[in-house]
Structure formats: C-alpha cells, structure tokens
Amino acid sequence: MATIAKEERLSALWKGIVAGLHRQCIYGGLRIGLYEPVKTLLVGADYVGDIPLYQKIIAALLTGALAITVANPTDLVKVRLQAEGKFPAGIARRYYGTLDAYYTIVREEGLAALWTGLGPNIARNAIVNAAELASYDQVKQTILKIPGFSDNVLTHLLAGLGAGFFAVCIGSPIDVVKSRMMGDSGYKNTLDCFIRTLRNEGFLAFYKGFVPNFTRLGSWNVVMFLTLEQAKKAFRGELYYD
C-alpha cells in the first residue's frame, strides 16, 4: 500500500473503484438477493426446521455462478483498469475511464470479449460465495443455539468474521492459482499450475498472503452482513441499534 501510494499517489489505491462498484451492485446484489429464494426453492416453501448445510452450499454455488455470469464484464473492466497502474511511465493508457473501457473492449475485441475468463471466474466466485454465505448462515445458526445469544449485532459480527475466515481458507488456493495463471503463460492449464505449485513450493504456497487476505475479507464480510441484516430488518420495520 505504501509503495503504491508513493509511486502512483494515494488515489491509485482506488483505481477501478467505479467498475468495482458496478461489480458489487450487480454481482453482490444477485448472489445475496437470490440466496434465500433459491434456498427456499431447494427445500420447499413448507419446510420446517434448520436447513441442512449441503442445501445452503448448493444454493450459494448456484447464485454465485449465476451472479458472476451476469457481472463478468464489470470484473474484466475492473481488472484491466487496475492493471494499467503497472504500466511504465510514458506508456499511453488504453482507457480513459470505466465507461470508455466497456466501449473500447466491445469496439476492438467484440461483445463476447467482455466474458473473457468466465469459466475460471464462475469456479472461483461460486466456491467463495458458498464459503461466505453458507458459512455465515451455518455459524449464525450455531451461535443462536448458545444460551445468551440472540439475533443482534454481536451475533452478526461473529458470524461475519467466521464467514470471512472460511472464505479465505477455501478461496486462497483458488486465488493463488488464478493469479499465477494470469501472470505466467508457462502453465498448460489450471491443474498443471496447481500440481507444479504444490510439488515445487509445498501446500503452504497456496496460503501466501493469508493475513492481508483475511484482513480484507474478514472486514468485508462483517460490514456486508451487518449492513445486510440491518437492511432486512429496516424493510420489515424491525430496525434496531443495539
């Protein structure tokens, strides 16, 4: 962070923020908004009792895959805008902003180019979404069974931290392989990258950057789920401030 701020100014840390907001509104809105309806669809509207964990995982996998399929163009543009910060001084920028990036990509590469990398993106986001939503659901359900706990901010905070931890544990290997595939054309495919990394560097190589990753995803999940729970209660007229 210090190096980026020093070499490219502090504002460089927010490069691609507009595309990032596009992505969160579409991807986040779909994956979170559809999770409960899909979960209900899987178990049936008349189901009574705790929904099994595997049903929660299936629902989150489905909504994560569907959401990123729709939002892939926003992900592509965000990555490309952030990558421009690595260009040497004097190299002309390809895009003048988020909307120009969408237009330029379609004009020069075709509409289908906006869905470049869709396969790996579906795999990654479906799995991470399942790790976040299903684990939050399950951790919250478990906490509420402990005497003294209720459906309040503390419960949501603890469940959000749990979701962030599980998301990093499950998603880190996928992120490492994805990053190496994008940065090194020497790998034959995803499986080759995974096997060579495991053989040459060991299992812990898949968890490089675990602490900063958990700092990001842990805080993200706490803020997201606290906001989500408050928003749901606000729409039901049950907003609380404890």
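## Overall fold

Welcome to a chain built from nine helices and zero strands; helices (H or I, at least four residues) and strands (E, at least two) are DSSP runs, numbered from the N terminus. Written in order along the sequence, the pattern is α-α-α-α-α-α-α-α-α. This is a predicted model, in which local features need pLDDT of at least 70 and side-chain atom pairs count only at pLDDT 80 or more, while totals for chains, interfaces and linings use all residues. Residues are numbered from 1 along each chain as its sequence is written, and side-chain values use heavy atoms, with hydrogens and water left out.

Along the principal axes, the C-alpha atoms fill a box of roughly 60 × 45 × 35 Å. Among contacts (heavy atoms within 4.5 Å) with a separation of 6 or more, 70% come from residues 24 or more positions apart.

## Surface and charge

Of the 242 residues, 38% count as buried, where buried means under 20% relative accessible area, exposed over 50%, and partly exposed in between (1.4 Å probe, protein chains only). The chain exposes about 13,900 Å², and carbon and sulfur atoms supply 67% of that area.

There are 26 positive and 20 negative side chains, with the centres of the two sets 5 Å apart. Lys and Arg count as positive and Asp and Glu as negative, leaving out His and the chain ends.

Let's look at Arg23, which lies in helix α2. Arg23 is buried because its relative accessible area is 9%. Beyond its neighbours within four places in sequence, Arg23 is in contact with Gly28, Ile68, Thr74, Asp75, Lys78, Arg124 and Asn125.

Gln24 is also found in helix α2. With 30% relative accessibility, Gln24 counts as partly exposed. Not counting residues up to four places away in sequence, Gln24 touches Gly29 and Trp220. Gln24 and Ala71 are 47 residues apart in sequence, yet 8.6 Å apart in space, C-alpha to C-alpha.

## The second largest pocket

A pocket is an open set of points on a 1 Å grid where a 1.4 Å probe fits, with protein on both sides within 12 Å along at least five of seven lines; lining residues have an atom within 4 Å of a point.

This second largest pocket is lined by 19 residues, and Tyr35, Glu36, Leu228, Glu229 and Lys232 lie nearest its centre. The elements that give two or more residues to its lining are α2 (17-33), α3 (35-43), α6 (118-143) and α9 (210-235).

Notes
Areas by Shrake-Rupley, 256 points an atom, 1.4 Å probe, with all protein chains shown as cover. Charge placed at Lys NZ, Arg CZ, Asp CG, Glu CD.
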